Amino acid sequence: MEATTLSSYLVTGGAGFIGANLTELLLTDSSNKVVIVDDLSMGLKRNIPKSDRVTFFEHSITDHDFMSKLLIDEHFDYIVLLAAIASVADSVERPYETHQVNQEANLSMLETLRVNKIPFKKLYFASSAAVYGDSPELPKKETMAVKPLTQYAVDKFATEREVLNYGRLYNMPVVCTRFFNVYGPKQNPKSPYSGVLSIMMDSLKDGKPFTFFGDGEQTRDFIYVGDVVKAIRGLVETPDARDDVFNVANGQQTTLNQVAAALENLTGKKLDATHKAPRLGDIRDSYADASKIDHFDFMQHTSLSEGLAKYVASVQDKA
Ligand code: UD2
């Protein structure tokens with residue numbers, strides 16, 4: 001009897017940075033169970049919370065037969081599509097492979113749902129601020145013209161549109177977000193494509209050199225992962241939040257130098273910093289107009305100082 005009262009989530013990419021934080025949050029509600037599909041290409045098995053309400057499949061979402069069978073056989077109330085080759089640089093090196101994961105695999109899942117008339121309460125897809133490209137217009141707003149400049153950005157934008165079109169054309173309940181620069185616990189700093197903040201933190205912790213690509217005065221809109229996963233949960237569990245795309249950001253512009261100073265302050269350590277030329281294709285400034293998602297009560301904004309303090313504490317706990 002009890003099993004029928006559980007809400008079931010499919011989280012693709014559930015061993016990754018954002019997926020694992022989301023799974024942890026979902027499990028705090030004892031009426032949720034989570035199925036994770038992750039090929040561990042970027043995610044880490046140790047990120048997955050241990051619970052009898054979590055089922056983990058080490059599988060690529062590009063395995064059409066596996067994903068179709070899973071969607072048909074299981075009943076998922078909520079489908080959260082986070083699995084991706086998350087590196088813009090990787091997509092430049094391996095455009096077709098990125099496309100297969102970031103776009104084709106997701107389209108294939110949408111088709112399985114449509115063709116088999118599989119009911120669900122909400123499907124969510126994580127798009128990216130990358131879709132705005134290097135447009136100098138700030139802050140970035142959802143209604144702005146997009147300028148996807150890499151395969152990564154093209155696939156994120158295409159999939160976001162496909163998800164919204166499936167919602168419109170086939171009456172599926174769907175919602176998408178565009179993430180800005182997410183930071184916090186469980187981000188894998190060992191990947192060269194990891195977020196700058198986790199690389200900086202790792203350098204401080206281990207006394208390793210850190211390279212600024214450029215003068216460190218470039219700006220980003222950093223958002224704490226705890227706020228991001230609450231936004232995802234809020235969007236999928238709010239029936240009215242559908243058929244739309246939302247920026248997920250703090251709406252604040254911070255330089256890398258400011259972040260470095262704050263982390264030095266919190267850790268009491270000095271960054272061993274060097275400078276190199278800016279990364280090819282790097283954008284100088286980015287921040288969001290986050291007012292659209294702020295209409296929802298579930299959207300929270302942890303301040304950068306509070307978020308960095310939580311992040312530093314989580315890294316020091318593990319040391
Ligand atoms: C972020 C996303 C990316 C995509 C993009 C859209 C992350 C990790 N990546 O890329 O997936 O959505 O936004 O615009 O969130 N930097 C250094 N030293 C380092 C690493 C980075 O100086 O060791 C600089 C880098 O050159 C850039 C800034 O830090 O100017 C932020 O880099 P990032 O890789 O964290 O994120 P971003 O904004 O390029």
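One cavity of 30 Å³ or more was found, a cavity being a set of points, on a 1 Å grid over the protein atoms alone, where a 1.4 Å probe fits but cannot get out. The structure is a predicted model, in which local features need pLDDT of at least 70, side-chain atom pairs count only at pLDDT 80 or more, and totals for chains, interfaces and linings use all residues. Residues are numbered from 1 along each chain as its sequence is written, and side-chain values use heavy atoms, with hydrogens and water left out.

The largest cavity holds about 30 Å³ of space, a volume being the space filled by probe spheres set on the grid points. Its lining (residues with an atom within 4 Å of a point) consists of Phe-222, Asn-250, Gln-252, Thr-254 and Leu-304. Two of these lining residues are nonpolar, three are polar and none is charged.

Around the ligand stand 21 residues, counted where a heavy atom lies within 4 Å of the ligand. Ser-128, Val-196, Arg-220, Arg-279 and Asp-282 come nearest. By class, this shell has 12 nonpolar, six polar and three charged residues.

Polar contacts (pairs of N or O atoms within 3.5 Å) include one between a backbone N or O atom of Thr-211 and a ligand nitrogen atom, at 2.8 Å. The protein buries 88% of the 730 Å² that the ligand exposes when taken alone, with accessible areas taken from the Shrake-Rupley method with a 1.4 Å probe. Helix H6 (196-206) and strand E8 (210-213) each give two or more residues to the shell, E8 giving the most, with four; helices (at least four residues) and strands (at least two) are DSSP runs.

Definitions and conventions:
1 Å grid on protein atoms, 1.4 Å probe; cavity = no way out; pocket = protein on both sides within 12 Å on 5 of 7 lines; lining within 4 Å. Nonpolar A, V, L, I, M, F, W, Y, C, P; charged D, E, K, R; others polar. Polar contact = N/O pair within 3.5 Å; in protein donor to acceptor, adjacent residues only side chain to side chain.
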